[in-house]
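My entries follow the order in which I looked.

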Amino acid sequence: MKSTVSLIIAAILAGTVIVSCRNDRYVASVTELQLASVSPSTGYSGGIVKILGRNFSEVFGENRVFVGELEAQVLEYNTWDLTVVLPAQKPGLYEITVQTPKGTVSGLQFEYREKPEHEYVLSTIAGGTEGYEDGSGVNARFGHPEGLAMDNNGNLWITQRGNYGHRIRKMYPNYSVTTVLSMSDNSQFPWHCTFYAGDFYFAAKAGNKVYKVTPEGLMEVTISGAELSNTMDVEFDNAGAMWVASRNSSTDPQGKVYKVVNGTVDKTYGVPLPTCLAIDGKGRMIIGTNSGNMYMVDGDNDPVKIAGNGSTSPSADPNGQSGDTSTASMGEISGVFAAKDGSIWFCDVKNNMVRKLTPDASGDYTKGRIETIASGFYPSDVYVTDDCTRIYVSSATSHTIRLIEVF
């Protein structure tokens with residue numbers, strides 16, 4: 001009997017404990033208005049995002065969404081999510097607030113980015129396997145394609161250097177690739193190139209020379225007064241003077257850019273580690289370097305820096321602040337092109353990016369903005385068509401020619 005009474009008392013006490021525990025436990029309200037996430041969390045003015053949460057109103061007009069102080073347009077709504085159109089804002093980080101008859105809740109953030117003027121599509125149009133075989137598109141093979149230039153017929157000429165011979169290749173508009181010239185001297189290393197007066201010119205990096213390819217064949221260009229070393233690029237200005245980028249040597253660690261008139265050096269510019277040249281619409285010479293900066297020569301003036309903070313290291317935010325190109329991390333520039341629309345396209349091999357510098361409304365490069373157009377591969381050189389809708393990019397490490405189309 002005593003045993004039975006003890007069991008009853010124990011059961012009662014246990015029940016008391018259970019009830020006590022249940023009374024002490026916090027139970028979240030299932031009717032509370034809450035925000036969980038926003039997707040995507042970054043984008044542009046006018047974009048569409050979805051806000052996930054719970055207990056939103058299912059009545060039209062009862063959900064109001066604010067991004068910062070501006071109200072967004074609600075497209076779709078239910079208890080668990082809201083789909084909204086972002087209001088126009090300046091770039092920056094803004095808090096999201098949702099108001100319903102149940103209350104007001106905040107806590108999520110959305111980052112506005114500077115909206116690009118165009119959309120860009122990147123594709124591989126030739127190459128992809130190391131070699132030198134002629135062929136069409138991806139069936140063609142390149143061995144470290146480097147420089148790019150286009151002739152008057154719309155054919156893209158490509159300098160190739162590396163294990164599969166030093167060659168000049170040509171790609172037709174249908175992406176069929178053929179070999180124009182195979183160099184018997186594999187110590188030259190053809191680098192960047194250009195066309196002038198119908199002839200094809202290229203710099204021989206290891207050979208410390210400049211060559212011209214005419215219908216009759218290959219010719220060395222005589223330059224008096226220049227000490228070429230690591231000859232990277234050749235370009236012509238509007239007056240017909242030839243400019244040559246000589247990156248550096250053991251006795252000249254800085255490097256020089258030479259202006260050559262009638263075969264003789266007319267002027268020498270001290271530029272740190274110059275690698276590539278381009279003539280812009282105003283006749284100014286744009287100089288890309290491996291020093292973390294980009295320079296410009298206007299007339300007979302000394303070179304001036306137009307972009308770069310001097311950093312050659314990979315950067316988490318390489319483009320810097322819009323309106324001040326001195327805040328940009330330029331990395332190491334391997335190729336540069338001044339497009340007809342006033343922009344400068346350049347290849348940054350440290351950040352593995354193809355990037356674009358757009359000047360401000362007055363044409364000032366230093367007050368412009370830099371944006372990343374394509375990334376994830378080593379870009380060697382860049383060529384932009386006159387209508388600025390097709391951008392060709394060579395890649396020496398992936399042995400490809402890529403195309404960026406602008407829409």
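Predicted model: local features only at pLDDT ≥ 70, side-chain atom pairs only at ≥ 80, totals over all residues.

I found Pro 40 in the loop between strand E1 (34-39) and strand E2 (42-43). Strands (E, at least two residues) and helices (H or I, at least four) are DSSP runs, numbered from the N terminus. A cis peptide bond joins Ser 39 to Pro 40, with omega at about -10°. I noted for comparison that most peptide bonds are trans, and that most residues other than glycine have a negative phi.

Residues are numbered from 1 along each chain as its sequence is written, and side-chain values use heavy atoms, with hydrogens and water left out.

I looked up pLDDT, the predictor's confidence in each residue from 0 to 100. The chain has a mean of 92, and 93% of its residues reach 70 or more. Over residues 1-23 the pLDDT is below 50, and this stretch has 0 contacts (heavy atoms within 4.5 Å) beyond near neighbours in sequence.

I noted Leu 273, which is not a glycine but has a positive phi of about 50°. Leu 273 lies in the loop between strand E22 (264-270) and strand E23 (274-279). His 399 also has a positive phi, near 60°, and is in the loop between strand E32 (390-395) and strand E33 (400-406). Buried means under 20% relative accessible area, exposed over 50%, and partly exposed in between (1.4 Å probe, protein chains only).

How many aromatic pairs does the structure hold? I found 13. Rings of Phe, Tyr and Trp (its six-membered ring) pair if their centres lie within 6.5 Å; planes under 30 degrees apart count as stacked, over 60 as edge-to-face and the rest as tilted. Trp 157 and Phe 200 form a tilted pair, 5.0 Å centre to centre with 35° between the planes. Trp 157 is in strand E12 (residues 156-160) and Phe 200 in strand E16 (residues 199-204), 43 residues apart. Trp 157 is buried at 10%, and Phe 200 is buried at 0%. I then turned to Tyr 201 and Phe 236, which are edge-to-face because their planes stand at 65°, with centres 4.8 Å apart. Tyr 201 is in strand E16 and Phe 236 in strand E19 (residues 231-236). One aromatic cluster is formed by Trp 157, Phe 195, Phe 200, Phe 202 and Tyr 211.

The charged end of Lys 205 sits over the ring of Trp 191, 5.4 Å from its centre. Arg 402 lies over the face of Phe 377, at 4.1 Å from the ring centre. The test is NZ of Lys or CZ of Arg within 6 Å of the ring centre and within 35 degrees of the ring normal.

I found Ser 334 in strand E27 (residues 333-338). Ser 334 is buried, with a relative accessible area of 11%. Residues touching Ser 334 include His 192, Cys 276 and Cys 347.

Notes:
Lists of a residue's contacts leave out its neighbours within four places in sequence.
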